[in-house]
Amino acid sequence: MAQQPHHSLQEILDFCSKRLPALAGSVRPSEAFADDADGQMAKILRDLNRAYPEAGPIYWICRVWQLWLWQPVFIGVWAASLWRISIDMDGFYHRMGMLFTESYTLPEQTLIPAAESAAVWQTATYLKHWQQRELVRIRRYGAMSDKLADYFLGDAVLQALATAHRLGLMSREETQRAEQIWQQALAFRCHGRLLWQEDAQEFFVAKVSCCQHYRRQDAEYCVGCPKTRAKIC
């Protein structure tokens, strides 16, 4: 069920955090920004290395990228698909905890509601621009290809939509329509899918990216892992 437009970025962030506490963040004045992004990325990478030395560099980098990605994607997807608003992620600043995200800030900006498709396409552009800049950052610590980064981004968008449905923010039909719009806007060569689970009455994300979670001693393959089923594309 689409929400009424909100013109305050903090209102949107507060709404998101009430539904999903890990999305807690705040708005800062545009000029109030001390960029310690490299330090935050290096910190979470060190923490993962210490916690899961057996998993190896491929897991550490993939996990860092997932943690770096998921909050801007969820906020952007929900803002566009619930309020028809596009949020510019330039200046998104992470604060990382020990092994997970802690908080974030976004610069204050004017939000203008638009048609759903226009908001989604603009948000997809913002997210792709943000991703290209952050890829330069993470490649200082390890390999992350454009293709794999796109796969993670597309899967995160689907997870945001599936979560919105699970929390009662979107109907099944609205979620399926939004999936089509987002896939068209992202325009990736390959993307995952939302599959409806009749018993659970919720969506399952068939992913195209592998986060390498199974490399940890305490872990197994994730639900929806592409290594456990036939390729989608």
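**Note on the predicted model**

1. Ile-12 is buried, having a relative accessible area of 0%, where buried stands for under 20% relative accessible area, exposed for over 50%, and partly exposed for what lies in between (1.4 Å probe, protein chains only). The residue belongs to helix H1, which spans residues 9-19. Ile-12 and Leu-106 are separated by 94 residues in sequence, and their C-alpha atoms are 12 Å apart in space.

2. A word on the basis of this note: the model is predicted, so that local features need pLDDT of at least 70 and side-chain atom pairs count only at pLDDT 80 or more, while totals for chains, interfaces and linings use all residues. Residues are numbered from 1 along each chain as its sequence is written, and side-chain values use heavy atoms, with hydrogens and water left out.

3. The protein contains six helices and five strands, and, read from the N terminus, these elements follow the order α-β-α-α-β-β-α-α-α-β-β. The radius of gyration is 17 Å, close to the 17 Å that the globule rule gives for 233 residues, so the protein is as compact as a globular protein of that length. Helices (H or I, at least four residues) and strands (E, at least two) are DSSP runs numbered from the N terminus, and the radius of gyration is taken over C-alpha atoms, the globule rule being 2.2 Å times the number of residues to the power 0.38.

4. Along the principal axes, the C-alpha atoms of the protein fill a box of roughly 50 × 45 × 30 Å. Of the 233 residues, 52% count as buried. Among contacts (heavy atoms within 4.5 Å) between residues at least 6 apart in sequence, 70% join residues at least 24 apart.

5. Which strands pair with S3, and in what sense? Strand S2 (residues 93-96) is joined to S3 (residues 101-107) by four bridges and runs antiparallel to it, whereas strand S1 (residues 26-28) pairs with S3 in the parallel sense over three bridges; two strands count as paired if DSSP finds at least two bridges between them. On the S2 side, Met-96 has Thr-101 as its bridge partner in S3, and His-94 has Tyr-104, while a hairpin of four residues joins S2 to S3.

6. S3 itself is mostly covered, with five of its seven residues buried.

7. Most residues other than glycine have a negative phi. Arg-84, which is not a glycine, has a positive phi of about 60 degrees, and this residue is found in the loop between helix H3 (56-83) and S2. Gln-201, also not a glycine, has a positive phi of about 55 degrees and is found in the loop between strand S4 (193-197) and strand S5 (202-206). Is Gln-201 buried, exposed or partly exposed? Gln-201 is partly exposed, with a relative accessible area of 44%.
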